[in-house]
Amino acid sequence: MKKITSIIIIVVFIICGCNNSQFDAPENPSQSISEREKTPDEILGLKEPGRLAASVEAWAKSNELGDYFRQSRDRLAKLRAQLIEDYKVRTESDLEPTSFTRETLGKYNETYDVDAALVKFMVECYSRKEVRPLPQNISRHFTTAMEDRGKMREIIKEAPNTISRLENELETFKLEVSNIGSFSWSQEKELNDWKEIQQKINDVFSRSGKANSQAAALLANLEKATENDMSEQTYNLRDQADHLKSDLSSFYNHITQQLEIVNGQILLTSFSDNCKAIIEGTKSVPIALDNKKKRMAEIKELISQLTSSRSRGYSDLASLDQQAASLKSRSQKEGQDEISLGNRIQKLARNYQNVFGSSAIYRLKKELPEESACAQIDTCLANFKRSINASPNADLSSAFTNLESKAYQLSDRMEEEALLKRMDETLNSVKKLAARARQ
C-alpha cells in the first residue's frame, strides 16, 4: 500500500512539474520584440559583439592579443555611441538616416566583422597555447603595444607645440569675436547686416569647433600617457591640456549661443520684412493699380484725339505728338516700378501658407524658442490683420488671393503695351494723312 501511495505522489509531482513548465517557459524572443518597442540598436540593425570566454580573455591580457581585443571593443563602443547619438538627434528632428549615419554604420559593420575574426583567432591561439601573428586580413586594423608606446612618445614630444598653437588660436578667436561684437534677441538690424555677421561667426564657429576637438583628443591621449609615464613633465602637460580644453569648450559654447541668436535673428528679421512688405503691399498695390488704369485711360483718350485730329485740320497734331512721346516715356518708367512691386507682392501672396500659414508660424516659433522673438512674430501678424481691417482670428486666405490678383494686374504689361502700339500706329497713320493734306 505504501508503495502504491509513493507511486501516486511521484506521478502527481511529474504532472505538476509539466504544468508549471508551461507557465515558466520563456517567451518567444521574436514575439517579445514585435510586441514591445524596439531599441535603437534593433532599429539600426547593430549586431552585438560576440562573447569571449573569460579564460581566453585572462590569458590574452599577458600578450599583445589582449591589446588587440581592447582596441577592437573600444572602437565598437565608440562607433555605437556615435550611432545612438545620431539616432536620437535624427528622431527629435524627424529626419531619415543621413550620409553620416550610413557612413558610420558601414564602419561599425566592418569593425564588427574584424572583431569576430579576432575573437575566432584568439580562441584558436588559446587552444594551441601559442600567440601567433595576426592574419593579414585583420592585422592592418590594429597597432602593437610598441607602436602605441611610440605614438605616445611622439604625442608627448609634440604636446607643448600643440598646446601653444591651440592657445594662440583661442586668443585669435577671442579677438575676432570681440571685433564682431556681442548679440542679443533685443537687437534690431537689417537682414543683410545679420547675414554678414552670420558669415563671420560661422567661420569662427567652424575653426573653434575644430580646435576644441583637437584639444579634447590631446587631453585624452595625455591622460592615457600618464597611465604608463608618471613623469612630472607628462602630468604638467596633461594639466595644461585640461585647462586649455576647458577654455576652448567655454569659448565654443559661447560662440554656439551667439550663432544661435544670429541665425534666429535672420529668420525673425526675414519674417518681419515679409510682414512689412505685405502691409505696404496692401496699401501701395491698389494705389499703383489705380494709377496704371488712369494712365491707360489717358492713352485711350490720346488715341481718340489722334483719330479726330483730321476734323481739326491737324492743327493739334504737333501737340498730340509731344503728348504721345511723354505718355509713352512715363508708361515705360512707371511700368518698371509696377512690375517690380507686383512681382514681389505676388510672390509673397502666392506663398502665403509657407510664410504666414499656421503650420509655417508653428515651425518658425519652434526654431525661435526665445519668448521675445515669438512675441514679435505675433505682433507682426496682428499689425497685418489690422492693416486690412481683419479680426484677430480671421482666415486671411481670401485677402491674400485678392491681393495676388491685384498684384498680377499691376505687373502685367500686355494690355498697356498693346495700347502703346496702337497709339504709335495711329500717330504714324495720322502723320501720313496730314502730310498728304498739305500737298
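Modeller: In this predicted model, the axes of H13 and H14 lie 9 Å apart and the two helices pack at an angle of about 155 degrees. Angles over 145 degrees count as roughly antiparallel, so H13 and H14 are roughly antiparallel to each other. On the H13 side the contact is made by Ile361, Leu364 and Lys365, and on the H14 side by Cys374, Ile377, Asp378 and Leu381. By residue class, the contact of H13 with H14 has 5 nonpolar residues, 2 charged ones and no polar ones.

Lys365 and Asp378 also form a salt bridge with each other, their closest N and O atoms being 2.7 Å apart. This pair links distant parts of the chain, with Lys365 in helix H13 (residues 358-367) and Asp378 in helix H14 (residues 371-387), 13 residues apart. Lys365 is partly exposed, at a relative accessible area of 27%, and Asp378 is likewise partly exposed, at 39% relative accessibility.

Elsewhere, one network of salt bridges with shared partners joins Arg295, Glu334, Glu338, Arg413, Glu416 and Glu417. Within this group, Glu338 forms a salt bridge with Arg295, and the closest N and O atoms are 2.9 Å apart. That pair, too, links distant parts of the chain: Glu338 belongs to helix H11 (residues 317-350) and Arg295 to helix H10 (residues 232-307), 43 residues apart. Buried means under 20% relative accessible area, so Glu338 is buried with its 5%, and Arg295 also counts as buried, at 0% relative accessibility.

Arg128 forms a salt bridge with Glu124, with 3.4 Å between the closest N and O atoms. Both residues lie in helix H6 (residues 99-128), 4 residues apart, which is about one turn of the helix. Arg128 is partly exposed, with a relative accessible area of 45%, and Glu124 is partly exposed as well, with 36%.

Across the whole structure, the search finds 24 salt bridges. To return to the packing asked about, the bridge between Lys365 and Asp378 joins two residues that also take part in the contact of H13 with H14.

How values were computed. Residues numbered from 1 in each chain as written. Predicted model: local features only at pLDDT ≥ 70, side-chain atom pairs only at ≥ 80, totals over all residues. Heavy atoms only, no water. Salt bridge = Lys/Arg side-chain N within 4 Å of Asp/Glu carboxyl O. Buried < 20%, exposed > 50% of the residue type's maximum accessible area, 1.4 Å probe, protein only. Axes fitted to C-alpha atoms, helices over the stretch in contact; angles between N-to-C directions. Parallel < 35°, antiparallel > 145°, perpendicular 65-115°, else oblique. Contact = heavy atoms within 4.5 Å. Nonpolar A, V, L, I, M, F, W, Y, C, P; charged D, E, K, R; others polar.
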